Amino acid sequence: MEIKKGIAVSPGISVARAFILDSEEYRIPLRYIDAKDIGKEITRYEDAIHLSVKELDNIRKRFARRLGEDAAPIVEAHMKMLQDEHVKAQVIENIKKNKYSPEYAISRVLRRYTKALYSAHDTFFTNRIQDINDIERRLLKNLLEERREELGDLKEPVILVAHDLSPTQTITLDRSKIKGFVTDVGGKTSHTAIIARMQGIPAVVGLNSISLDVSGGDTIIIDGNSGLVIIDPDEETIKKYSAMGKSYVVFEKKLIQELKGQPAVTKDGHKVTLFANVELPQEVPLALKYGAEGIGLFRTEFLYNTPQRAPTEREHFDVYKKIAVQSRDRQIVIRTMDLGADKIQVGGGNKEKNPFLGCRAIRFSLLNPDSFRTQLRAILRASEYGYISLMFPMISSLSELRDAKEILEDVKDKLTQDKIPFNQKLKVGIMIEVPSAAMIADLLIKEVDFFSIGTNDLIQYALAVDRGNECVASLYQPAHPAVLRLIKSVIDEGARHHKNVAMCGEMSGDWVYTILLLGLGLKTFSMSPIVIPEVKKIIRSVTMVEAKKISAKAMASQNAQETADFLKEYTSRIVPQFS
Amino acid sequence: MQLEKDVKITNKLGIHVRPASRIADTANKFKSKITFIKDGFEVNARSIIELLTLAAGQNTAIKIKSEGEDAEAALQAIVNLIESNFEEKNNGNKKRDRGFTGD
């Protein structure tokens with residue numbers, strides 16, 4: 001049994017066999033064989049080696065000229081690796097002694113080597129993993145020729161383990177058979193995370209080397225609530241997690257049922273608004289089902305998934321109009337493009353040394369006014385069809401905000417000239433996610449209709465911590481006194497000017513901080529749809545008087561960990577389902 | 001008979017795929033068991049894949065152990081191969097200052 005900790009990006013608990021998508025591409029169907037078949041299976045393994053070597057030999061002959069002097073020895077080396085007597089002896093021993101199927105035995109033996117290479121510090125050698133994966137793939141392909149199982153027609157539920165999942169891979173998945181996603185890389189906004197949340201499938205990402213640690217067919221447990229993945233669990237652990245998984249599903253269903261149509265109001269009658277963050281238009285119905293009163297953050301980055309060109313006005317407009325119509329009179333806050341130059345080549349992006357401090361979000365938009373205008377025009381036009389608001393990301397100074405608003409006014413003038421209708425009273429807000437913006441909130445608030453605090457970036461920039469970096473991830477603390485002071489001052493400035501302050505970072509959907517934020521006076525919480533019921537439940541279980549007391553205590557604390565522990569403990573006491 | 005020798009890998013890319021294959025070929029010609037040891041990590045020299053997992057780049061110190069009736073000849077053959085930089089062209093230490101082309 002081995003326990004790994006990653007980033008929990010989609011809640012829920014599952015126990016199933018691992019399906020490794022990376023080097024295998026197909027699943028190892030059988031782990032054990034009958035004792036009487038040992039001889040037959042060894043022959044099958046040897047046949048697969050011969051066949052694989054023959055294939056490579058053909059490649060070598062056919063492409064001799066094209067491969068050239070340098071590549072031909074590589075093909076020869078692969079042929080020798082396939083025939084490596086030492087490896088062969090180990091595989092055969094595994095078949096004989098452990099009654100492993102040849103597929104599983106190969107996977108186990110070779111995985112040990114890729115793991116050893118993975119820890120080599122020399123990238124030249126870590127790249128050799130590809131050579132080993134290559135021969136593994138060839139061997140497995142030839143072994144499985146007939147019984148090969150495509151990912152598209154899985155017969156039993158699996159937990160998908162991969163280095164990373166590409167959009168095309170996720171398209172071909174039979175999602176009814178996928179009980180969880182586990183990947184080496186990625187974060188909360190990675191493609192895997194989004195798909196998982198949309199489907200309500202647990203997911204843990206950022207596990208570094210999980211795709212090497214697990215062999216296809218291994219039983220694994222995924223806990224998307226805590227970010228744990230357990231490899232080869234014992235019976236007792238399986239039992240425990242299966243029970244937890246069931247009770248989580250029941251708890252979630254009950255919560256949704258219990259809270260359906262109920263407002264997010266404290267016991268002493270203070271109402272707050274719960275919005276959803278949405279990455280894709282398809283998520284809007286899901287958000288409404290979970291009780292979202294609107295969309296507090298509609299991300300538009302998915303529109304920019306063709307790196308060679310910016311989306312057209314039509315492409316923007318069709319999406320915005322559709323969600324406006326779907327949400328009827330509920331508010332939708334559309335955020336303009338929030339990508340960095342590292343993600344988008346439109347306008348010729350240079351490779352940046354430090355993309356998080358580089359040309360991203362509003363900075364990119366201001367430098368590429370044509371594509372920015374296109375997006376603004378589409379948002380304005382769509383504002384005719386529903387309650388749409390507009391939000392600029394990553395504002396760090398007053399002049400940036402003024403520049404962006406100037407372009408917006410230009411676009412409005414042009415629409416008026418063209419006699420194209422739009423909502424003249426369209427509300428304009430900004431994200432507060434750069435510490436400088438938080439500190440000049442008093443200046444910024446006078447020129448906008450609302451703020452939305454983006455805690456992920458605010459924390460990362462304020463504490464100078466990249467939480468994707470293992471060495472410093474523990475320094476990423478939402479309850480750090482500096483972060484709490486920034487948040488409080490932003491909320492206070494909003495209140496002083498009678499303008500709404502929302503929060504759309506992860507912190508607003510994390511139940512640990514719900515009472516604190518409530519007490520600080522946050523009026524609008526925007527979060528991933530699936531956590532809305534939890535947050536609503538907590539809000540309905542406290543009084544504002546209590547929340548104010550708790551937040552005062554948190555503000556006086558000098559230690560982030562103590563604050564988080566205290567908040568967690570207090571919340572679990574008033575809503576015992578949480579712990 | 002058992003013999004040992006400390007050597008340094010001098011060719012530019014270290015024991016990568018082709019050198020590993022040359023070493024394994026040579027080791028397979030002898031009856032003796034030949035082991036490569038790097039920082040206490042031992043691998044069988046008959047196995048290309050095991051040799052690769054040593055991740056022995058340029059200037060890595062390796063201990064070679066040879067055990068068996070033809071231990072001496074086997075050890076000598078392997079050492080010669082390493083000292084010749086695996087007969088790779090323009091790949092040795094001497095040519096290094098002509099510019100490192102990288103991968």
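How much area is buried between chain A and chain B, and what share of that area do carbon and sulfur atoms give? The area is about 1,800 Å², and carbon and sulfur atoms give 72% of it; buried area is the accessible area (1.4 Å probe) that two parts lose on being put together, summed over both. The model is predicted: local features need pLDDT of at least 70, side-chain atom pairs count only at pLDDT 80 or more, and totals for chains, interfaces and linings use all residues. Residues are numbered from 1 along each chain as its sequence is written, chains are lettered from A and ligands numbered from 1 in the order in which they are written, and side-chain values use heavy atoms, with hydrogens and water left out.

**View 1. The interface of chain A and chain B.** Contact (heavy atoms within 4.5 Å) involves 24 residues of chain A and 20 residues of chain B. The rule finds 1 salt bridge across the interface, where a salt bridge is a side-chain nitrogen of Lys or Arg within 4 Å of a carboxyl oxygen of Asp or Glu. The side chains of Lys80(A) and Asp25(B) form a salt bridge, at 2.8 Å from N to O. On the side of chain A that touches chain B, two or more residues each come from helices H2 (64-82), H3 (85-98), H4 (102-118), H5 (123-126) and H6 (129-144) of chain A. H2(A) gives the most, with 7 residues. Helices (H or I, at least four residues) and strands (E, at least two) are DSSP runs, numbered from the N terminus.

**View 2. The open sheet of chain B.** The 4 strands follow the order S1-S4-S2-S3 with antiparallel pairing; two strands pair if DSSP finds at least two bridges between them. Strands S1 (2-8) and S3 (41-44) of chain B are at the edges with a single partner strand each, so one side of each has no neighbour in the sheet. S2(B), residues 33-38, is joined to S3(B) by 4 bridges. Lys38(B) has Phe41(B) in S3(B) as its bridge partner.

**View 3. The closed barrel of chain A.** The barrel has 8 strands, S9-S10-S11-S12-S13-S14-S15-S16, with parallel pairing. Strands S12 (387-392) and S13 (428-432) of chain A are parallel and share 3 bridges. Phe392(A) is opposite Ile430(A) in S13(A). Helix H14 (369-382) of chain A packs on the sheet, touching S11 (331-335) and S12 of chain A, and its direction makes about 155° with that of S12(A). Axes are lines fitted to C-alpha atoms, for helices over the stretch in contact, and angles run from 0 to 180 degrees between N-to-C directions.
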